[in-house]
Amino acid sequence: MKLRIEPKALTLSGGIILLFLGMLIISPRPAVALRDTLIGPLLSSFAFGNLLASASLLTISGIGIAAAMSSGSFNLGGEGQAYLGSLLPVLLILRLPALPPALLIPVALLFGLLGGGIIGWISGIAREKLGADELISSYLVSSALIPVIDYLIAVPLRDPESYLLQTEKIPAVYRLSRLLPPSQLTAALFIALLAAAAWWFVNRRSLAGFELRLTGANHRFARFAGVAVGRYRSGAMAASGALCGLAGGLLSLGAYGAAVQGGSFGIGWNGIAVALIARYRPAMILPAALFFAYLTQGLTSAVMDSGLSTEMSLLLQAAVFIAITAGDGAGE
């Protein structure tokens, strides 16, 4: 009997070996760097909570990017969508502070979700109606949106009592519950788990999911079979933007309690990495998000403790992700 090794196992092993070799060559204290990278995120409830907090948001944005990929599209504007999604819920809560938290928090998150969804839908409908490349249009729309939000937070919406560039903080009762204080882990964890389960069911067990995957696999055949290809592509882009917006809203209502300039902190870009690591398979999004968050936090610990430079840690991280995502990224 021949032993068959999965390509994913080979690329993952290659990435980890590359990380070890890089640590030995680059780090001034390789043993400490390796220790911090491997077990740093598990050494305290604070570090573990932050690991799960990061993975939760990455799961949601990763599902969003994967949804667009499944339709044969590519959302390159997740960062701007998440940034808008982080601002709109805060503004709504600040304008409607009298409503009960049980009502206002879900409505505020829905507000952020809709904001990101509209931005994603613009690129999707531009492709459907005008033939515009959604990869370029989503990037350009996002790039134009980010400085506008930067200005709004820094000038008209800025909290004059804060040294940071941020809006006024929302009342504590409207912030998401902390699960492992003082870490940033909040109830966003449960939303991420629910989103991962829902995405798996829709993608693998529903007619809409089948038609979405058919559209991404062969849009000409899908159109011949009677599938509304344009609607699935524009709808997938809208869903992608909506999930990125939701991730941004969960971040602002959880970790910050305000909209912070630059506060999306790579949710959109890192969501792309998560989707690619998972090869946009629904069952792999959550493990990919955990792996990304674990490696990022482990390398951050190594930078703080072993003398490894930030630039070298980013280089090692990039090399590992390139090794893992090398090869055919097509889904099943």
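A salt bridge is a side-chain nitrogen of Lys or Arg within 4 Å of a carboxyl oxygen of Asp or Glu. In this predicted model, the count by that rule comes to three salt bridges. One of them pairs the side chains of Arg 35 and Asp 36, with N and O 3.0 Å apart.

- Arg 35 is partly exposed, at 40% relative accessibility.
- Asp 305 is partly exposed at 36%.
- Asp 36 is buried, because its relative accessible area of 5% falls under 20%.

**The Arg 127 pair**
- The side chains of Arg 127 and Glu 134 meet in a salt bridge, at 2.7 Å from N to O.
- Arg 127 counts as partly exposed at 23% relative accessibility, while Glu 134 counts as buried at 6%.
- Shared partners join Arg 35, Asp 36 and Asp 305 into one salt-bridge network.

**Ser 56**
- Ser 56 sits in helix α3, which spans residues 45-70.
- Ser 56 is buried, with a relative accessible area of 3%.
- The side chain of Ser 56 reaches the backbone oxygen of Leu 52 at 2.6 Å.
- Leaving aside residues up to four places away in sequence, Ser 56 touches Leu 185, Ala 188, Leu 189 and Ala 192.

Technical notes
Residues numbered from 1 in each chain as written. Predicted model: local features only at pLDDT ≥ 70, side-chain atom pairs only at ≥ 80, totals over all residues. Heavy atoms only, no water. Helix = DSSP H or I, 4+ residues; strand = E, 2+ residues; numbered from the N terminus. Buried < 20%, exposed > 50% of the residue type's maximum accessible area, 1.4 Å probe, protein only. Polar contact = N/O pair within 3.5 Å; in protein donor to acceptor, adjacent residues only side chain to side chain. Contact = heavy atoms within 4.5 Å.
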